[in-house]
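Here is a short report on one structure, with strands and charged pairs as its topics. Please look at the sequence and the model first.

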Amino acid sequence: MALDIPGLSISLAFSLGAFAGGGWWCLRRLAQARLLLDTPTSKIRSAAQGYVELYGVLHSLGEGPLLAPLTGKPCLWWRYRIEQYSERGKNKSWRVVDSGVSDAWLRLADATGECLIDPRGAEVRPATRERWKGSQRHPRGGLVAGGLSGWLGSGEYRYTEERLHAGEPLYAIGDFHTGGGGHQGLDLATAQGAVIREWKGDFAGLLQRFDSDGDGQLGETEWQRVRLAAQLEAEDRHRRASVAPAVNQMRRPRESQPFLLSSHGEDELARHFRWQALAGALLCVAGAVATVYLLRVTGLL
C-alpha cells in the first residue's frame with residue numbers, strides 16, 4: 001500500500017503544532033496562575049511603582065456613561081462580536097463579521113484612593129455577558145432576549161456583548177505609576193532637551209525670540225541663551241507638575257507580564273487558568289501521541 005506522503009506530511013505538521021502549542025499554552029497559563037497568587041494585593045495610596053495588583057470598585061469618570069453598541073445599555077466598558085451563520089454543503093459554521101472593544105479609561109477606587117486604568121491591551125473578563133440571535137446585522141437599540149430563549153432564538157446572526165458597569169468590583173493587575181504630587185524626579189538634561197526639540201518644531205518662533213542680530217541664524221552665543229531658557233522652562237514645568245494633585249494610573253506592562261482586568265477575584269482567575277493549562281496539556285499529549293504514530297507509519301521512527 002502506497003503511502004500518501006503529502007497527506008502524512010500535513011498531518012505530521014499539525015500534530016507537531018499541537019504538541020508545541022499545547023505545551024507552550026500549558027506552561028504559560030500555569031505561570032500566570034502562580035503569578036496572580038504570589039502577587040499581594042496593594043492599597044492604591046501605598047502601592048509601589050511598577051507591577052501591582054489592585055482590587056476595588058468601578059466609578060464613572062464623570063463624563064457620563066458609555067452606551068454599549070449592540071444593546072444601547074449604559075456602561076463603563078464594552079466589547080462585542082457579531083457572527084453570521086454560513087452553511088456550505090456539510091460545513092456549518094459561525095463567521096465573525098464585526099467586532100469591537102472600548103478604549104475608554106476606567107476609574108478604580110478603594111478605601112484609600114483612586115486609580116485611572118487604560119484598558120488597551122488588557123485581557124478583560126467582565127461579569128456581564130449577553131448572547132442572542134437575530135436577523136439583522138446590527139441590532140442597534142434592539143431588545144435582547146433573555147436566558148435560554150435568547151440563545152436558542154432563530155436568525156442568521158449571533159451577537160455577543162460584554163460590559164463593565166459602575167459600582168461593580170474589579171480586580172486589576174498591571175503596571176502602576178503615580179504622576180504629579182512631587183512623585184516625579186527631574187532629569188534636567190533630558191527635560192531641557194525635550195523643551196529644545198519642542199521649540200525647534202516652530203523654528204521661526206525660535207528665531208524671533210533668540211536671533212538678536214537678525215541674520216536668520218542662531219550663533220553660539222544665541223544657542224547658549226536658548227539652552228539657558230530651555231533649562232529654566234524645564235525647571236518651571238517640573239515645579240508646576242510637582243504641586244499638581246497626584247494621579248495614579250495603570251497600563252499594560254512593557255514586559256511579558258499579564259495585564260488583567262476582571263470582575264472576579266484572583267482565586268477564580270487562577271482556577272480558570274489552571275483549567276486552561278490542563279486543556280493545553282491534553283492537547284500537548286495528543287499531539288505527542290499523534291506525532292509518534294505518524295513517525296512510525298512513515299518509517300522515520
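Glu83 stands opposite Arg158 in strand E10. The model is predicted. Arg158 and Glu83 form a salt bridge, with the closest N and O atoms 3.0 Å apart. Glu83 belongs to strand E4 and Arg158 to strand E10, so the pair ties together parts 75 residues apart in sequence. Both residues of this pair are buried.

Strands E4 (residues 77–88) and E10 (residues 157–164) pair in the antiparallel sense, over eight bridges. They sit in an open sheet of four strands, ordered E5-E4-E10-E9, with antiparallel pairing. Strands E5 (91–101) and E9 (128–134) are the edges, each pairing on one side only. From one strand to the next, the twist averages 20°.

The whole structure holds 15 salt bridges. The table lists three of them.

| Salt bridge | N to O distance |
|---|---|
| Arg158 and Glu83 | 3.0 Å |
| Glu130 and Arg163 | 2.6 Å |
| Glu220 and Arg227 | 3.0 Å |

Glu130 and Arg163 meet in a salt bridge. Glu130 lies in strand E9 and Arg163 in strand E10, so this pair ties together parts 33 residues apart in sequence. Glu130 is buried, at 17% relative accessible area. Arg163 is buried too, at 4%. A network of salt bridges links Lys73, Glu130, Glu161 and Arg163.

Glu220 is exposed, with a relative accessible area of 51%. Its partner Arg227 is partly exposed, at 34%.

How confident is the prediction? The mean pLDDT of the protein chain is 82, and 88% of its residues reach 70 or more. Over residues 142–153, pLDDT stays under 50.

Note on methods:
Residues are numbered from 1 along each chain as its sequence is written. This is a predicted model: local features need pLDDT of at least 70, side-chain atom pairs count only at pLDDT 80 or more; totals for chains, interfaces and linings use all residues. Side-chain values use heavy atoms; hydrogens and water are left out. pLDDT is the predictor's confidence in each residue, from 0 to 100. Contact means heavy atoms within 4.5 Å. Two strands pair if DSSP finds at least two bridges between them. Helices (H or I, at least four residues) and strands (E, at least two) are DSSP runs, numbered from the N terminus. Axes are lines fitted to C-alpha atoms, for helices over the stretch in contact, and angles run from 0 to 180 degrees between N-to-C directions. A salt bridge is a side-chain nitrogen of Lys or Arg within 4 Å of a carboxyl oxygen of Asp or Glu. Buried means under 20% relative accessible area, exposed over 50%, partly exposed in between (1.4 Å probe, protein chains only).
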